[in-house]
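Please keep the sequence and the structure in view while reading.

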Amino acid sequence: MLSHQYSITQIQQIIGASATITHDSMVNNLLTDSRKINNPFTSLFFALSGRRDGHEFIGDVYQAGVRNFVVFKLPVKVDLLRDANFLVVDDVLKALQKLAIHHREKFDIDVIGITGSNGKTIVKEWLYQLLCADKKIIRNPKSYNSQIGVPLSVWQMDDQHNLGIFEAGISTTGEMERLERMIKPTIGILTHMGSAHDEGFSGPEKKLEEKLKLFTHCSMVIYQYDALLKYKARVPGKTKFTWSRKFREVDLYVFNETIISNKYYLRGVFKGKEIECLVPFIDEASIENAIVCWATMLALGYDSQVADDRLERLVPVSMRMELKQGINNCSIIDDSYNSDFQSLEIALNFLNQQNQHQTRTLILSDIFQSGLEQAVLYQQVADLLSQKNIDKVIGVGKAISAQQQLFNIPLKYFYADTDSLLMALADLTLEDETILIKGSRSFEFERISRALVQKAHETIMEINLNALQNNLNFYKSKLGPDVKIMAMVKAFSYGSGSFEVANLLQFNGVDYLAVAYIDEGIALRNAGITLPIMVLNPEASAFDKLVEFTLQPEIYSFTLFDEFVKFAQLKNIFNYPIHIKIDSGMHRLGFEDFEIETLCDLLEQNQYVHIQSIFSHLAGSDAEMHDEFTLKQIMVFEKAYHQIEKVLNYKVMRHMANTSAITRWPVAQFDMVRLGIGLYGIDSAIKNEANQLQPVATLKTSVSQVKKIKAGETIGYNRNGSLLADGKIATVRIGYADGYLRAFGNGVGKMLIKGVLVPTVGNVSMDMCMLDVSAVEVKEGDEVVVFNEEYKIEEVAKQINTIPYEILTNVSQRVKRVYFYE
Ligand SMILES: *Cc1c(COP(=O)(O)O)cnc(C)c1O
């Protein structure tokens, strides 16, 4: 029996719920997201109320086969949900946490608890790498460190484990005590203290105090001595293990640091003896995290030689999946850094969210350190793949190959090792499918990824899908009840990609999408998008396509109206959904005030169209100087809306607000808002002091060549550029054909190399431009950032007196998009 298996009545007692129990049932999976159901019959769904109320999804979850629920209130139509068990509690989240606390108490093992502002996940993953040789470790998947993530992680603990490593993340006071009770660490680690999440606390002192609560019951706490000197708070724990790079009177004193051929050599004093270690990273954050791990190994009693050996073999931790364009029209989801059961599940959910191709393929290596017997482990994997509708599995490794009979998948192929697969790759004819690459580190699946991904020139735009999801949630939290969201994905989602973004939005419950032209809508339909899609500027010549792909036209003029109605008559189409655009002052498209009466006459009794919505667009919703005008637009729009509504005998949606109106003009939210640039992290109406919005796009390129230039020598076309003193220039792989406009030339634009902003010099060419790097240590191949989350698009746009919209949408299709998701 699995040790995280409980009967429903046991759980009822543990969480103190009143209950409607129709049948006894065993539970071994906890579920909080209705979209991520794997084993419905043994799952218990917690109806948490976050931005959406989990109770709304009970019907869906029941449909999927789940019969056990923890709720705050019984569903209204509970009679329809026959043979379901309901546990009713006052606070669903607390019930989840209570269950985790109970579960944790069953195990008397060492647990390392990690907190801090930065580095928690890296330290956790590295400690896993360092200690897994002699421990069976349970840890949070990815960075599941929140009030919900922690109980779900702790729940996975079972009899085989003899060490836990859990990270705890908090954003406000009161949270850590609850995390502490679930994690119950016996050893504490405090990583780097920075200013992240400061806004949730009354000050840094308070934040530290709160974090230290994780260590209340620890017998030992490991931390950097000097980082806490400026605070009053006392560190709990019987024993302290301190480290420092400045002070001698600590347990591990690091007194010497040098870079040796791209590795970092550290020398320290521990117990009066000189020790050393070499780590394979040279950036400051990695070094600090590595020292934390070094200190931890010593604190745990590892020999310094063993610690050194293992630290030298640390590998980078990548928590993010990359979605890229592959060869033969495939999409590649690259998650080739780790492979355990839980991260496989997370990756498969992401695969299921991306619907652009019919065929879903998984390339999977052996899974190590699961602690389960091979047959049991791969049976679980096989079941998971069936549930996730995998069409093709390609197994790599001796262990998975030995269990191939377990996989009940339409197409399956097995190879002993990565080389054999690489040799057979051409014969597999991977074509027009979504391929998830998931492998343990030692299988070097990056080689497979390289073989399958389209070669890009080295300028790429990275899109952070988590940030996009965060931004969507931010705006959801600003909406009145029942206000819907239409996401504007015109112009390749403002340059950020088409179906990749649309699939994410669809998965996250957006109500509508809007594109500019019919072609864009067709591309989305071909990629599996089923949401209603409005077309802002439909061409009459493509109405047949519009109807074939169930796209809904915006009708903005009598001409367009006539054309569409004629088309519908001809094709015998009735009640086709359309949207009426009102010109309330923008003077771009739409019916004007004086035209509304005629429009009403046409609409009355018209059986060919069905008005889905009436809408208008604001010309200056972001700026105070236009507020009076905006108000007038709202009034003009409302008048037109009511006039039209009166002649229709059905309810019609009304919408007007674009991004900045959502927060600046809540009265204009009406039935729906049209969210555009805000999704991509840009909104001039949001001060963004608390970083509620996150930049989504990073554009980067690389250095092709570095040249020494004498003062006065000319650089580039028309000999426009030169340096004032002798210096150096770097030629980088981006030009106006990529969207780096010529206006950025001659020092107007700047790029970021090694953290330093450097100006362009001379004219921008079609595919390249030159930067003055006299002041920076630069070599060929170095990365160059055009914009990212720190060096923002807004700033770049200002350099050439334009707006972020134009910078984003100018990035040409030649620049490959890579999507990240954690
Ligand atoms: C582009 C567009 C929007 C979105 O505007 P943002 O400022 O990007 O939010 C909304 N409505 C219409 C009609 C648009 O064309």
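The model is predicted, so local features need pLDDT of at least 70 and side-chain atom pairs count only at pLDDT 80 or more, while totals for chains, interfaces and linings use all residues. Residues are numbered from 1 along each chain as its sequence is written, and side-chain values use heavy atoms, with hydrogens and water left out.

**Helix H22**

Helices (H or I, at least four residues) and strands (E, at least two) are DSSP runs, numbered from the N terminus. The 21 residues of helix H22 (627–647) should span 30 Å at 1.5 Å a residue, and the end C-alpha atoms of H22 are 31 Å apart, which agrees. The expected span is 1.5 Å times one less than the number of residues.

Which residues of H22 are buried? They are Asp627, Thr630, Gln633, Ile634, Phe637, Ala640, Tyr641 and Ile644. Seen down the axis of H22, these buried residues fall within an arc of 145°, so they line one face of the helix; the arc is that of the directions from the helix axis to the C-beta atoms. An α-helix has 3.6 residues a turn, so residues three or four places apart point the same way. On the other side of H22, Glu628, Lys632, Met635 and Lys646 are exposed. Here buried means under 20% relative accessible area, exposed over 50%, and partly exposed in between (1.4 Å probe, protein chains only). The cover over the buried residues of H22 includes strand S28 (576–582) and helix H21 (596–603).

**Helix H4**

Helix H4 (residues 120–131) has twelve residues and reaches 16 Å from its first C-alpha to its last, close to the 16 Å expected. Ten of the twelve residues of H4 are buried, so H4 is largely enclosed by the rest of the structure. Among the buried residues of H4 are Trp126, Leu127 and Tyr128. Strand S8 (110–115) and helix H8 (284–299) are included in what covers them.

**Annotated positions**

An unreviewed UniProt entry places the feature "active site" at Lys490 and Tyr717; such annotations may be inferred rather than shown by experiment. The two are spread over 228 residues of sequence and also in space, up to 35.3 Å between C-alpha atoms. Lysine 490 lies in helix H16 (residues 490–495), whereas tyrosine 717 is found in the loop between strands S33 (714–715) and S34 (721–722).

| Residue | Relative accessibility | Class |
|---|---|---|
| Lysine 490 | 25% | partly exposed |
| Tyrosine 717 | 58% | exposed |

Leaving aside neighbours within four places in sequence, tyrosine 717 is in contact (heavy atoms within 4.5 Å) with Asn763 and Ser765.
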